[in-house]
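I am opening a notebook on a structure that is new to me, and I want to look up its parts one after another. The sequence and the model come before my entries.

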Amino acid sequence: SSGINAEWPLRPGEGLGRLNPEKLDFYVDYLKFQVEHGYYDGDANLNILKLYQFSPDLITRSSIDNVHYVLVKALMQLPRSDYVFCRAQLSQEMIDDNLTKKIDDVATLLETCQFPEFWNVIQEEKIFTEMTGFTECARKFICHVVQLTYKNIEEDFLMQLLGPSVDKDLFLEIVAEEKWDHNGDSVFVGHKEEMVEQKEIIEKMPIEVVTPILAIR
């Protein structure tokens, strides 16, 4: 996870001391700082969930709000597995909470690449629409998936995947940031270096090596 931000110089000691119940208030304040400023410290956030797990007497009515924030912040780290680690710390009561279930549904939509449906569902909950950086992180993950899946993709389809709030200017910004090539109505999202490398390898392979490979079915 990310190192500590210079604007937040204090941090509890490492080791078992970090799960001292007296440090919960610190971690919760730190979580609120992360939510407000678009910063992320996965280890610190995981400590909140572990403290709830090992010291259930610390759980109050507002604890579930902290759980929701931790989960959404973790979801923003896709394709990393932070969300899975965090969810594994939750009690059954926390898992059964309505908003936790909604966050789970949103996680599933992202992980199964149902991106148009994902954009529809997040409009219904403030925790997604008002979380600093959430939309940008989701788009970054979608770009990651697109690059793994396609070499060329239709412009209209790519814009649909990136969400309804993406206009032409923002679309061109994203394409430039990802270093993709915009050609008319389509976008080349593959890695040029890999294509050149692959071509060179094929060209250099002697025919006696290629023939038995082609014969395999």
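**Entry 1: the chain as a whole**

I began with burial and found that, of the 217 residues of the protein chain, 41% count as buried. I keep in mind throughout that I am reading a predicted model. Going through the secondary structure, I noted 13 helices and three strands in the protein chain. I then looked up the surface, where the accessible area of the protein chain comes to about 12,900 Å², and carbon and sulfur atoms hold 54% of that area. For contacts with a separation of 6 or more, I found that residues 24 or more positions apart account for 59% of them.

**Entry 2: the nonpolar core**

Which residues touch the most other members of the largest nonpolar core? I found that this core has 61 residues, and that Phe118 and Phe134 are the ones that touch the most other members.

**Entry 3: helices α7 and α9**

Helix α7 covers residues 115-122 and helix α9 covers residues 134-149, and their axes come within 12 Å while crossing at roughly 175°. At such an angle, which is over 145 degrees, α7 and α9 are therefore roughly antiparallel to each other.

**Entry 4: helix α3 and two partners**

How do α3 and α6 run, roughly parallel or roughly antiparallel? I looked up their axes, which come within 10 Å and cross at roughly 5°, and α3 and α6 are therefore roughly parallel to each other. The contact is made by Ile64, His68, Leu71, Val72 and Leu75 of α3 together with Leu99, Thr100, Ile103, Val106, Ala107 and Leu110 of α6.

**Entry 5: proline 79**

In the loop between α3 and α4 (82-87) I stopped at proline 79, where the peptide bond from leucine 78 to proline 79 is cis, with omega near 10°. Proline 79 has a relative accessible area of 52%, and so counts as exposed. Even so, proline 79 touches Phe141 and His144, not counting residues up to four places away in sequence. I also checked proline 79 against lysine 140, and the two are 61 residues apart in sequence and 9.7 Å apart in space, C-alpha to C-alpha.

**Entry 6: two residues with positive phi**

I looked up cysteine 113, which lies in the loop between α6 (98-111) and α7, and its phi is near 60°, a positive value in a residue other than glycine. With a relative accessibility of 38%, cysteine 113 counts as partly exposed. Lysine 179, in the loop between α11 (168-177) and β2 (181-183), has a positive phi of about 60° although it is not a glycine. Its relative accessibility is 71%, so lysine 179 counts as exposed.

**Entry 7: two further pairs**

Threonine 108 has its place in helix α6 and is partly exposed, with a relative accessible area of 40%. Between threonine 108 and phenylalanine 118 I found 10 residues of separation in sequence and 9.0 Å in space, C-alpha to C-alpha.

My last stop was lysine 151, which lies in the loop between α9 and β1 (152-154) and, at 46% relative accessibility, counts as partly exposed. Lysine 151 and histidine 191 are 40 residues apart in sequence, and 7.9 Å apart in space from C-alpha to C-alpha.

How values were computed:
Residues numbered from 1 in each chain as written. Predicted model: local features only at pLDDT ≥ 70, side-chain atom pairs only at ≥ 80, totals over all residues. Heavy atoms only, no water. Core = buried A, V, L, I, M, F, W, Y, C linked by side-chain atoms within 4.5 Å. Buried < 20%, exposed > 50% of the residue type's maximum accessible area, 1.4 Å probe, protein only. Helix = DSSP H or I, 4+ residues; strand = E, 2+ residues; numbered from the N terminus. Contact = heavy atoms within 4.5 Å. Areas by Shrake-Rupley, 256 points an atom, 1.4 Å probe, with all protein chains shown as cover. Axes fitted to C-alpha atoms, helices over the stretch in contact; angles between N-to-C directions. Parallel < 35°, antiparallel > 145°, perpendicular 65-115°, else oblique.
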